[in-house]
Amino acid sequence: MFDRMLLVLLLIITGASIVLVPFYLPRGGQIRIEVNNKLLYKLPLSDDKTIEINGLTVEIQAGKVRVADSDCPGKLCVKQGWIDSGAIICLPNRVVITIGGTPTAPKGGVDATT
Amino acid sequence: MQQRDKYRLALLAACALALHGFERLIPTPIPWLRFGFANIITLITLILYGFNAALTITLIRVIIGSMLMGTFLGPPFIMSTVGGLFSVAAMWVALQVRVFGPLGLSLTGALFHNLGQLLAVYVVFIQNLRSILILAPVILFVGTLTGVLNGLAVIFIMEHLKKMSDNVQNT
């Protein structure tokens, strides 16, 4: 029967794509910049950009991020240089820059009343 | 369309609405997962009365259903509508091809309902292809499972309807 063929086909395709799609999507994804524990920016790592925030100059370039300049005393964040995973944290300015792997699922995208 | 058929369509629409509302009461592991039982009615209507009737019933269900839930013209309404239209159109095309039974039709309907919804989500709400690509396979997989469930229900109901009409003709 064609019905069963369709069923098997759909199960295989969707089942396989659950595993394969996240695997083939570009990794790294998003940069989150938090100030005082508040999420201020959520940017794709793929777009080159420079942001001034709370005394810090944050640069995103070629899938990497760094703090180019800071007005804090230690400048540990600047010394850390370019990163493509993990986090840069500037305590004096209370700025946290993290690179998240998986994007958050769209909230309310598909919900109970559809 | 005959007067009798109009009554039948009204009844079918009421059934679809009831199922549409009722399935919200069934707890599911993921909040946005629904069974789509109303598609049972849509599919039966499509097989018995054709495309226009099925389209009518879907629109009645979506519009009145969303009014009852208080989501009329809201995001869930847009998604219901797009999903419903997609699934009716897809099932009608699948019916014309004449290779699928109720199970295959139900699967087609479920698949295109979800595709339509994902499209609506992407166009209207979030232009984040990445999240949608990650979410899509899961939704389509679950949709396939509920599609089987609904397809079996349609087969069951159609057989009973056939038996009933056979009995009427014999007596």
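The model is predicted, with local features needing pLDDT of at least 70, side-chain atom pairs counting only at pLDDT 80 or more, and totals for chains, interfaces and linings using all residues. Residues are numbered from 1 along each chain as its sequence is written, chains are lettered from A and ligands numbered from 1 in the order in which they are written, and side-chain values use heavy atoms, without hydrogens and water.

Helices here are DSSP runs of H or I with at least four residues, numbered from the N terminus. Tyr49(B) lies in helix H2 (residues 38-49) of chain B. Tyr49(B) is partly exposed, at a relative accessible area of 28%; buried means under 20%, exposed over 50% and partly exposed in between (1.4 Å probe, protein chains only). Leaving out residues up to four places away in sequence, Tyr49(B) touches Asp5(B), Arg8(B), Leu9(B) and Leu12(B), where contact means heavy atoms within 4.5 Å.

The axes of helix H1 (residues 3-22) of chain B and H2(B) come within 7 Å and cross at roughly 160°. H1(B) and H2(B) are therefore roughly antiparallel, a term for angles over 145 degrees. Their contact includes Cys15(B) of H1(B) and Ile41(B) of H2(B).

Helix H4 (residues 75-97) of chain B has 23 residues and should span 33 Å at 1.5 Å a residue, which agrees with the 33 Å between its end C-alpha atoms. The expected span is 1.5 Å times one less than the number of residues. Among the buried residues of H4(B) are Phe77(B), Gly83(B) and Met91(B). The cover over the buried residues of H4(B) includes H2, H3 (51-69) and H5 (102-125) of chain B. Just after H4(B), Arg98(B) has a positive phi of about 65°.

Key:
Helices (H or I, at least four residues) and strands (E, at least two) are DSSP runs, numbered from the N terminus. Axes are lines fitted to C-alpha atoms, for helices over the stretch in contact, and angles run from 0 to 180 degrees between N-to-C directions. Angles under 35 degrees count as roughly parallel, over 145 as roughly antiparallel, 65 to 115 as roughly perpendicular and the rest as oblique.
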